[in-house]
Amino acid sequence: MTGEKDIRTLLASIHPILREGEYVYALWPYGRPLVAGIEAAVREAEGLTVVLPRAEADKLELPYDFVAAWITLEVHSSLEAIGLTAAVSAALTDARISCNVLAGFHHDHLLVPVADADRALEILHELAAESSDQPAPELVLRSERPEDRPAILELTAAAFSVSPVTGLPVEGEPVEVGLLKELFDCEEYLPQFSIVAEQAGEVVGHVISTRGWVGDLELLGLGPIGVVPRLQRHGIGSALMQETVSRANAAGERGIALLGGPEYYSRFGFVPSVSLGIEPPERWGEHFQLLPLAVWPGGVHGRFRYAGPFERL
């Protein structure tokens, strides 16, 4: 069977599959006969590198320092195809996921850090969708329903599995997941400001704003906001922000506060809160932003106070 060469066809049909187990790279002892279980090998001047299941390496007492998940791109690509490896590597690089590529006769194989396996699969599925001729499903913005909450918590865990501060994988459950659980049940919860983005019946984004204050003045405290990793940087977060602002103005809210980068949130009209006389909560620092809405009263001074769950972080 002849392998596919057209790059657009290849990308649209990569169909990534995650193999079971964990895999490692190890240097094979010189002169030692090869054994069953080795999945790939590369001969170099310095020695023989083998890729094998982690359990096998442990059994053979082979040292290693990189534990990988193995993803197979099931499209039958020609060895002469141009651009597939570059496109896949670029997409994963943009998501800060390292990737080692093994080219087989029928398929290409990716070894990525175990902690990044799920995110890598999502990114690869999105890359395939972008290359398809099928139009993107319509994005629906609506109020959150109780039955949405498991999906919301799942997407929040995925969205914050890599720290936005350090860029490193988060160990255990991201703090945003626990915060969101508490916000759903707190007195300051406002159901009309818990908004989901839905695409083809799937909840792909969520934003929540809860009651906050400066003195006796009621404001909104926005966050967390999350989008499934495979659809990040596709306008879903912006759509959720714009929907929040629209609903807040319609409800006569005075302003919205959040913690975030000025370079991103300034596009929605947010400014550093201190420029409006509003001091950030303790520990929140210079990234505390505020958007004065249509009925912003002016002359407001004081420290912003979030809903109770934020205070317990």
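Predicted model: local features only at pLDDT ≥ 70, side-chain atom pairs only at ≥ 80, totals over all residues.
Residues are numbered from 1 along each chain as its sequence is written, and side-chain values use heavy atoms, without hydrogens or water. Local features need pLDDT of at least 70 and side-chain atom pairs count only at pLDDT 80 or more, whereas totals for chains, interfaces and linings use all residues.

The chain has 9 helices and 16 strands. These are DSSP runs, numbered from the N terminus: helices are H or I over at least four residues, and strands are E over at least two. Of the 313 residues, 48% are buried. Buried means under 20% relative accessible area, exposed means over 50%, and partly exposed lies in between (1.4 Å probe, protein chains only). The accessible surface comes to about 16100 Å², by the Shrake-Rupley method with a 1.4 Å probe. Carbon and sulfur atoms account for 53% of that surface. Contact means heavy atoms within 4.5 Å. Among contacts between residues at least 6 apart in sequence, 68% join residues at least 24 apart.

Rolling a probe the size of a water molecule over the atoms shows where empty space is left. The search ran on a 1 Å grid over the protein atoms alone. A pocket is an open set of points with protein on both sides within 12 Å along at least five of seven lines, and a cavity is a set where a 1.4 Å probe fits but cannot get out. Lining residues have an atom within 4 Å of a point. Points are joined across faces, edges and corners, and a volume is the space filled by probe spheres set on them.

The largest pocket holds about 1600 Å³ of space. Its lining has 44 residues, of which A159, F160, P164, I225 and Y265 are the closest to the centre. Strand β11 (217-227) is among the elements that supply at least two lining residues each. The largest share, 6 residues, comes from β11. Helices α4 (117-131), α5 (149-159) and α7 (236-250) are also among these elements. By class, the pocket lining divides into 25 nonpolar, 12 polar and 7 charged residues. Ala, Val, Leu, Ile, Met, Phe, Trp, Tyr, Cys and Pro count as nonpolar; Asp, Glu, Lys and Arg count as charged; the others, Gly among them, count as polar.

There is 1 cavity of 30 Å³ or more. The largest cavity has a volume of about 30 Å³. Its lining consists of L73, L84, T85, V88, S89, V101, D108 and L110. The largest share, 4 residues, comes from α3.

E198 lies in strand β9 (residues 194-199). E198 counts as buried because its relative accessibility is 17%. Its side chain makes a polar contact with the side chain of R142 at 3.0 Å. A polar contact is a pair of N or O atoms within 3.5 Å; within protein, one must be able to donate a hydrogen and the other to accept it, and residues adjacent in sequence count only if both atoms are side-chain atoms. Beyond neighbours within four places in sequence, E198 is in contact with E138, L139, V140, R142, V203 and V204.

Most residues other than glycine have a negative phi, and most peptide bonds are trans. The bond from G223 to P224 is cis, with omega near 0°. P224 is in strand β11. R96, not a glycine, has a positive phi of about 60°. R96 sits in the loop between α3 and β6 (100-103), and is exposed at 62% relative accessibility. A200 has a positive phi near 55°. A200 is in the loop between β9 and β10 (202-214), and is exposed at 69%.
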